[in-house]
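Here are my notes on this model, point by point. Please keep the structure open while you read.

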Amino acid sequence: MASRKVYSVCGMCTVRCPILADVTNGVCSYLQGNPHAAGINGALCARGAAGLALTNDNERPQFPLIRAGERGEGKWRQVSWDEALDYTAERLDQVRQQYGSHSILFSDRGGPFRDLHQAFVRGLGSPNYSNHDASCARNVQHAALSVFGFGRKDVVYDLKNSRHVVLQTRNLFEAINVKEVNDLMSALDNGCKLTVIDIRATVTSTKADKFFMVRPGTDYAFNLAVIHVLLSRDLYDQTFAGLWIKDLGRLQEFIRPYTPEWAERETGIPADALVGFVRELAASRPAVIWHPGWMTARYTDSFHVCRSIYIINALLGSIGAKGGLPFANKPSDFERKGLKKLADLFPKPEQKRADGVGWRYPHFDAGPGLLHLAFKAIETEDPYPVKAYIAYRHDPLMGFPDQDALKRIFRKLDFLVSVTFSWSDSAWFSDIVLPLSPYLERESILACKNGLKPYFFLRHRAQEPRFDTRADWEILTGLAKRLGLAPLAFESIEDIWKFQLNGTGVSMADFEATGMVSLAEQPLYRKMEELKFKTPSGKIELICDKLEKQELPSLKPYQSPAQPPEGMFRIAFGRCAVHTQGHTVNNPLLNGQMAENVLWLNRAVGEKMKIADGEQVEVISNGHSGRIKAMLTDLIHPEAAFMVHGFGHTLPVEIRAFGKGVADNCLMPGGLEIWDPAGGALALQEHFITVRRLR
Ligand SMILES: Nc1nc2c(c(=O)[nH]1)N[C@H]1C(S)=C(S)[C@@H](COP(=O)(O)OP(=O)(O)OC[C@H]3O[C@@H](n4cnc5c(=O)[nH]c(N)nc54)[C@H](O)[C@@H]3O)O[C@H]1N2
Ligand SMILES: Nc1nc2c(c(=O)[nH]1)N[C@H]1C(S)=C(S)[C@@H](COP(=O)(O)OP(=O)(O)OC[C@H]3O[C@@H](n4cnc5c(=O)[nH]c(N)nc54)[C@H](O)[C@@H]3O)O[C@H]1N2
Ligand code: SF4
Ligand SMILES: [Mo]
């Protein structure tokens, strides 16, 4: 038997852990985490381990398909790749000729391989590159920009060396990033304290020293009271604040009414418990991390929750500190050159973005913009018509709220393309499906991971595709050739890698030993004196000019969230350890682990409604309804009804997932219109749902 080992990158979620695949007779036979990758220690999560099941699954798009019936009807014509790429190029070109290049919109899942996508969109001449983030972490990103002047990924979470970690709206042990899980586990072994603030008990909360079950949507009140205690009892880091924080006086004045006693009435957390917690936290500073959150597209004040978290970290002196949030290093911090950017092959398009970011909304990060506002532009043709949309490894019909409204919007498009390795609602509704090879069957462009010790890494093809699917670079260079984007018309992945490495002093041979090339010998904690916040003053700014200019308050007064009417609940959602978003529920192995979602309800409330544990109930929201098993528990706040996102699939091509559980995104009528003008992200938990017995 011929066997070999291939370094690659997991693609079961967006974390993209480095992996090592065993390949026997040309077929992947075993997967593990890359043993050379710090913090991975050879581990994979359950989803990563199910990668072989994805490759071996026949219920995924196997060849290019052109729509033959109505949109969403499921009638397809199987075509060759030549025909598929010719057709796609032709239709994109038609839109380009008729409405201009800017009428083409593209969205992806962000991440380290996006340079290729950005190059393609720039090559087309469109400013409308976007990603999923308005439905995920945009509030954190914009919060970081508003206080530091740089983005959320310019600091890292030094979990391993932390003395106290606070997780608020963050379920770190189930919403997994393998390195983060390992790092926090080893910190806990070393005596690090863990505090969890959630609306329900999670696996993470079971490992916590303190667990606060807050009333849904009142985290801002909790945090304002924390700031109150830090400032009024002089528990904050005064030296750090004196050197690095601007406008502390304004904060002191603003925070006065927000006492722990006041917060108790909002959050349900006893004032003395909050004070005790803040004292303990302050005792461990600066080696503390209050995680700013990840999936924060939840409330209309989530942006201010994230801001308050960054402010708390600053008051604890943890910004830049070992065991806190030290600064991410780039190759240039070690006098090394970063990868050459493919996007720089083309000039930056001059047109304004369709989503208004950068001009109508100058306070938002123009990088990927805000996709829900681009959808709005499709609907209204303001500022101009957007007529073609490429959803690239992205399923907006499941990842954005109110599927009916979004389908109405997509009907206005002349051309909708989906590039995907699994079936999705968006692919099913497209004019053409371009099937990507799953990650084990494709290589990707080189990527750089910034951090304490930055490194380059790559995804190799571990086995040849089982079906007529293609790698990203094959699809995009194929289109580039047809659309006249000559600089991007590379002939091979080796040519792309060579281009990227040009000037870096690194060669492909350097990846052979471990699949990665480290750019530093040791992790580097940069000294505060060397740091520059990218704000106008060079300090952490509590008052953000960009917000104030838009008449948006930097320090926003608290507003109490509405209480759900009798018989109704605030919708709440999140992840589970064995699925990724909506795209693994049909994976044979993972479906075997968890085939459907259940509805978490508070036991006392459920019993009052005469609902039995395990009973099927109906959930209803404005014309949409679904059937789901109730799970009664004391460990969820009475106002919330929680379900894991990603279930309730209705596509006949996914036999295992079909009809199982409920899709939370369908229970959010008008959800595309509910977003925060300061943070930019959608507010997906600003919806109440009715729960009814069936019997
Ligand atoms: N109602 C509601 N909405 C939500 C959420 C929620 O909890 N509730 N969660 C939000 C969050 S946090 C996010 S990040 C978004 C996610 O929204 P999406 O980004 O749409 O979610 P995925 O399921 O990850 O979609 C990825 C799609 O890309 C395809 N794909 C192609 N290639 C690859 C690959 O190499 N790797 C992977 N992983 N996929 C590939 C998959 O088959 C899948 O169809 O949804 C958001 N929307
Ligand atoms: N296994 C797995 N891991 C993943 C993913 C996946 O799909 N599966 N997706 C990845 C992605 S794209 C993301 S964005 C991250 C998300 O990572 P997280 O944001 O940590 O995950 P979630 O489960 O969305 O939400 C975390 C918690 O917020 C709680 N919550 C809901 N409402 C409130 C509230 O009002 N207040 C408080 N304090 N808590 C509340 C939920 O109960 C949940 O436990 O996970 C990543 N990792
Ligand atoms: S967290 Fe799990 S699924 Fe995500 S990349 Fe890592 S191993 Fe793969
Ligand atoms: Mo996300």
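This is a predicted model: local features need pLDDT of at least 70, side-chain atom pairs count only at pLDDT 80 or more; totals for chains, interfaces and linings use all residues.

1. By class, the shell around ligand 2 holds 13 nonpolar, 9 polar and 9 charged residues. That shell has 31 residues in total, and the nearest are Asp219, Arg298, Tyr299, Arg575 and His579.

2. A backbone N or O atom of Ile176 sits 2.8 Å from a nitrogen atom of ligand 2. For Gly217, a backbone N or O atom is 3.1 Å from an oxygen atom of ligand 2. Gln685 uses its side chain instead: an N or O atom there lies 3.1 Å from a nitrogen atom of the ligand. On its own, ligand 2 has 910 Å² of accessible area, and the protein covers 99% of it.

3. Now turn to ligand 1. It is surrounded by 28 residues, with Arg109, Asp395, Gly399, Ser422 and Arg442 the closest. The shell divides into 9 nonpolar, 13 polar and 6 charged residues.

4. The contacts of ligand 1 deserve a look too. A polar side-chain atom of Arg109 is 2.7 Å from an oxygen atom of ligand 1. Asp664 places a polar side-chain atom 2.8 Å from a nitrogen atom of the ligand. Gly582 takes part through its backbone, with an N or O atom 3.4 Å from an oxygen atom of ligand 1. The protein covers 98% of the 890 Å² of accessible area that ligand 1 has on its own.

5. Then examine the second largest pocket. Its volume is about 340 Å³. The lining has 22 residues, and Gln403, Gly648, Thr650, Ala663 and Cys666 lie nearest the centre. Elements giving two or more residues to this lining are helices H15 (396-399), H16 (403-410) and H17 (425-428), and strand E23 (624-633). E23 gives the most, with 4 residues. By class, the lining has 9 nonpolar, 9 polar and 4 charged residues.

6. Domain 1 (65-136 + 335-518) and domain 3 (568-693) both give residues to the lining of the second largest pocket, so the pocket lies between them.

Terms used
Residues are numbered from 1 along each chain as its sequence is written. Chains are lettered from A and ligands numbered from 1 in the order in which they are written. Side-chain values use heavy atoms; hydrogens and water are left out. A residue is near a molecule or strand if one of its heavy atoms lies within 4 Å of it. A polar contact is a pair of N or O atoms within 3.5 Å; within protein, one must be able to donate a hydrogen and the other to accept it, and residues adjacent in sequence count only if both atoms are side-chain atoms. Accessible areas come from the Shrake-Rupley method with a 1.4 Å probe; for residues, only the protein chains shown count as cover. Ala, Val, Leu, Ile, Met, Phe, Trp, Tyr, Cys and Pro count as nonpolar, Asp, Glu, Lys and Arg as charged, and the others, Gly among them, as polar. On a 1 Å grid over the protein atoms alone, a cavity is a set of points where a 1.4 Å probe fits but cannot get out, and a pocket is an open set with protein on both sides within 12 Å along at least five of seven lines; lining residues have an atom within 4 Å of a point. Grid points are joined across faces, edges and corners, and a volume is the space filled by probe spheres set on the points. Domain bounds come from an automatic or database domain assignment.
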